[in-house]
Amino acid sequence: MFGLFGRRKNVEAPLIVVAPDKFKGTMSARDVCAIVGRAIREIMPQATVRLCPMADGGEGTSDILGNRLGLSRQSEYVDDALGRSRPSVYFSNNETVALDSAAVIGLWKIEEGERCPLSSSSYSLGWLVGRLIGDGAKRINLGIGGTATVDCGAGFLQALGARYFMVDGTEIAAPITADRLGDVFSIDFSGLNRHRLRGILRGLADVDVPLAGMLDYAPQKGVASHDMDFLRTGVENFRRAVDEALMPASVETPFAGAGGGLGYALGRVLGCSVEPGAEHILGLYGIFSAEEKPRLIVTGEGCLDSQTLSGKALWTVYREAARHNIPVLGLVGCNRLAELPEGLDVVETEPFLRGQTLNRNRALQTLDVAARQSLAAICARMWG
């Protein structure tokens, strides 16, 4: 372990950047920054430590954007993906807004036994976006990850003015849900002010997958295996109806499958910019554009797996650091990758549980222990 960290003597005050994502369900990115930052300062007091909490377009994105852009926290009741009124938080100064889709229609807002993706809709997210625009918002940064929905953003568009019709001409009532995608025969987008919307909305995606790729994430949202063919048919039918309404036929836009297809609604239908959320936030910190480059970057997330490689924060931080030949330590709850790339060392906190059930307090404690042990070894090797 730590073989990639060669000795670097005579560095009196190295810059160490801490840029982790949240550990989903236990710790926020700010929690992780606080623990790791404290460990570095105690082990190597002469180091300059810069804390840069990360997000990838999912939960926590708006909080970090709000902090970086100087926006105020707002809270109001908005329907969740199942149509139940729930408190939702976003950040705004009236003209600029940072909003997580997950704060409105997030999977985390629905208990596991209540999840029903085919009966869920992104409609309330579109309603809130429309209301914010009506109140004067000129730029809405919309994190589109972590949703409970698989409706291709159909509900989101419906709330903003789209109309859907069955083959007999009957209009599908709002809010449209994923199980109605196969009923859509024609679409009227004339009620959408697409030009205005594309100038206001910017999507921040957590994964870069095509529209069909969203089906890979459907089971973890609660779609049963016997419903997958039904959903797949509905998604393809909706895509074809969109193509017919917007002729010519679509060219696959990046990030279309993010957010249960919200990326498709934003990119293909509205023509909005959709960007990798982690890259956008990393750029706001200017870590790699500053004159002084970090000597070490510490990042992290709850679970390192194949999804991490699709645009998650840890992978984004590592990839950019690798371009500058900066070593990276990844602190993770668990590692599910068989092989790690050069320049990335990973330490798991899971073994420090010693068989105990994971909860927030134990997560904090195990991260503290893992951070201290791994950083002590690294600092000794690099600046010993």
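1. Which residues does tyrosine 164 touch, not counting residues up to four places away in sequence? In this predicted model, the contacts of Tyr164 are Ala154, Leu157, Gln158, Thr170, Glu171, Ile172, Ile176, Val184, Ser186, Ile187 and Phe238.

2. Tyr164 also belongs to the largest nonpolar core, which has 66 residues. Together with Leu99, Phe156, Leu157, Phe238 and Leu270, Tyr164 touches the most other members. The element that gives the most to this core is helix H8 (residues 228–246), with seven residues. Another core, of 32 residues, lies apart from it and includes Leu65, Leu71, Ile297 and Tyr318.

3. Leu65 sits in helix H2 (residues 61–69), where Thr61, Ser62, Ile64 and Gly66 are buried as well. Among the elements that cover the buried residues of H2 are helices H1 (29–43) and H10 (277–285). Strands S4 (85–92), S5 (96–100), S6 (139–143) and S9 (201–205) also take part in this cover.

4. The packing of H2 and H10 has an angle of about 25°, and the axes are 11 Å apart. H2 is therefore roughly parallel to H10, the cut-off being an angle under 35 degrees. The crossing of H2 past H10 is left-handed. H2 contributes Thr61, Ile64, Leu65 and Arg68 to the contact, and H10 contributes His280, Ile281, Leu284 and Tyr285. By class, the contact residues are five nonpolar, two polar and one charged.

Technical notes. Residues numbered from 1 in each chain as written. Predicted model: local features only at pLDDT ≥ 70, side-chain atom pairs only at ≥ 80, totals over all residues. Heavy atoms only, no water. Buried < 20%, exposed > 50% of the residue type's maximum accessible area, 1.4 Å probe, protein only. Helix = DSSP H or I, 4+ residues; strand = E, 2+ residues; numbered from the N terminus. Contact = heavy atoms within 4.5 Å. Core = buried A, V, L, I, M, F, W, Y, C linked by side-chain atoms within 4.5 Å. Axes fitted to C-alpha atoms, helices over the stretch in contact; angles between N-to-C directions. Parallel < 35°, antiparallel > 145°, perpendicular 65-115°, else oblique. Left-handed = near helix turned anticlockwise from the far one by under 90°. Nonpolar A, V, L, I, M, F, W, Y, C, P; charged D, E, K, R; others polar.
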